[in-house]
Amino acid sequence: METTTFGAIAAAGVAAGGIAVCFAGNGEGLLRPPGAADEADFRARCIKCGRCLEACPYQAIRMAKGPTGAETGTPVIDARAQACRLCADFPCIAACPTEALHPVSARDEVRMGCAVINRDLCIAVQGMRCEVCYRACPFIDSAIAIGASVREGDAIHAVFEPLIDPEKCVGCGLCVQRCVVSDPQVAIEIVRDYGEARRRIDEEQAKHVSNPWAG
Amino acid sequence: MAKKRKGRWTIARRVVQIVVAILFFVPLSAAGWSALGLGFSSPEEPLATPSGFAWWGSLSSSHLFGLDLLDPFAALQVTAAAKSVAFAGLAWALPVLVAYGMVRGRAFCGWACPVNLLCEFVDWLRGKLGIAVRERAVPRKAKVGIAAAVLALSAVCSVPVFELVNPISAVNKAVLFGSFAGVFTLAAIVFAELFWAHRVWCRALCPLGGMYETLGCVGLVSVKIDHDLCVHCGACQAACLCDPEILDDVLSGKAGRVVAGDCMLCGKCVDVCPYSALKIGFALPRHPEL
């Protein structure tokens, strides 16, 4: 085979493979910086310039890594590692050249996602006084409230359970970062789609969580 | 005849290319952030950020001494993909268009683009290795069509398509942030230039080059020829980083300047001309071509 033919085939192969893997994957499950709309809008606008990341004083915005995938190089927040602090002036949004992060006029207008508590794992649901997520929330008593109920099979003690209001939760992730449960997983997570989050919250509330101290 | 200063333009260009290549690392290290996206901490108090520096960003979008800039081709792709011109940053592409439009569109390619720097190295390496490749595998104007195709595809897919595979800021962003989108394209380019065709990416394929080629038709700076000094040795055409055919008309005496918008003002032809028949100077963009 001639060198040039080999070269053309090799280059075309690498290019085609690269393009294929670059298109693969979607960022539906990724937590985006404040101001991001749905993933389709975000994907149409983000040019992966990295300016939001360089503007974030808490180093909460990082680039999705991995060598491949459409989401590679896009900004993500790993709430467990470092949640969004909802800076009053939103330097990340101001830095974005293409409005992949749309302007927001107030902190409570942010819609990054909604927290969903896994009631099987939450120690408050099992009867302990935790309230760490509640205390961590920048919208305490609004996005998270504590609901009191009688503990199952126990006439004396109450259960103080954190309850999320999807109308108010902005999805900053501070509750996820602070949650004391990590095994087998964190007891609270941010779900980006609010409809999905509501469905999951209803599902969790319908769940019967047995009281380990009952009896 | 005045003593010719050899390689003047190439030396100046190398300095600019290297400055551009390391420009955006400065604010990152000045803020005490580590490169490659490593060493992220989880501070409770706000840290100094690169955005506090006089310049910061990447080649896609940056902030330069009070002026916000955006890659015009990225701006066009986002406009096509998002079906919207209603983003404030669209205006950030204007200073870039005006600056390169005043000089010469593809001065970006010749003076700023890190892929061209890499390709010049690959071309040098290929020469050292003695690998023969095709001189012209794809017509040089193909990149204008590719640019149009990228914009059409961006509109269809609702994704800024070239930004998925953009090699131009790939090294920049890999080293700054540890993101490796675009490195496949870089690898493909190196393969293509080593084994297939001479400088094929910059000459014929790059859509960003295609856009700047179109803009290059209105530039006020051109390579000009003194027909009395030219001996038709062909040294300029052999050195041309673009396509040698853009020099045909000046050598045949038909034109006094390189009219092609494709010229990247690299100054290679000026540097190699043994009789100083060529120089870079101001000229009105009359009778422009792509």
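Because the model is predicted, local features need pLDDT of at least 70 and side-chain atom pairs count only at pLDDT 80 or more, while totals for chains, interfaces and linings use all residues. Residues are numbered from 1 along each chain as its sequence is written, chains are lettered from A and ligands numbered from 1 in the order in which they are written, and side-chain values use heavy atoms, with hydrogens and water left out.

Counting contact as heavy atoms within 4.5 Å, chain A brings 52 residues and chain B brings 61 residues. The area buried between the two chains is about 4400 Å², where buried area is the accessible area (1.4 Å probe) that two parts lose on being put together, summed over both. Carbon and sulfur atoms give 66% of that area. In chain A, the residues that lose the most area to chain B are A:Arg51, A:Glu54 and A:Gln59, which together make up 18% of what that side buries.

Within chain A, the side chains of A:Arg45 and A:Asp41 form another salt bridge (3.2 Å, N to O). These two residues are four apart in helix 2 of chain A, so about one helical turn separates them. Over all chains, the whole structure has 28 salt bridges.

Now turn to chain B, which holds an open sheet of three strands in the order 1-2-3, paired antiparallel. Helices (H or I, at least four residues) and strands (E, at least two) are DSSP runs, numbered from the N terminus, and two strands pair if DSSP finds at least two bridges between them. Strand 1 (55–57) and strand 3 (67–70) are the edge strands, each pairing on one side only.

Three bridges join strand 1 of chain B to strand 2 (residues 61–64), and a hairpin connects these strands through three residues. Here B:Trp55 has B:Leu64 as its bridge partner. B:Leu64 also stands opposite B:Leu67 in strand 3 of chain B. Strand 2 and strand 3 of chain B pair in the antiparallel sense over four bridges. Their hairpin has two residues between the strands, and B:Phe65 in this hairpin takes a positive phi near 45°.

That leads to some backbone details. Most residues other than glycine have a negative phi, and most peptide bonds are trans. A:Phe90 has a positive phi near 40°, and lies in the loop between strand 2 (75–77) and helix 4 of chain A. A cis peptide bond joins A:Asp183 and A:Pro184, with omega about 5°. A:Pro184 has its place in the loop between helix 6 and strand 6 (188–191) of chain A.

Methods
A salt bridge is a side-chain nitrogen of Lys or Arg within 4 Å of a carboxyl oxygen of Asp or Glu.
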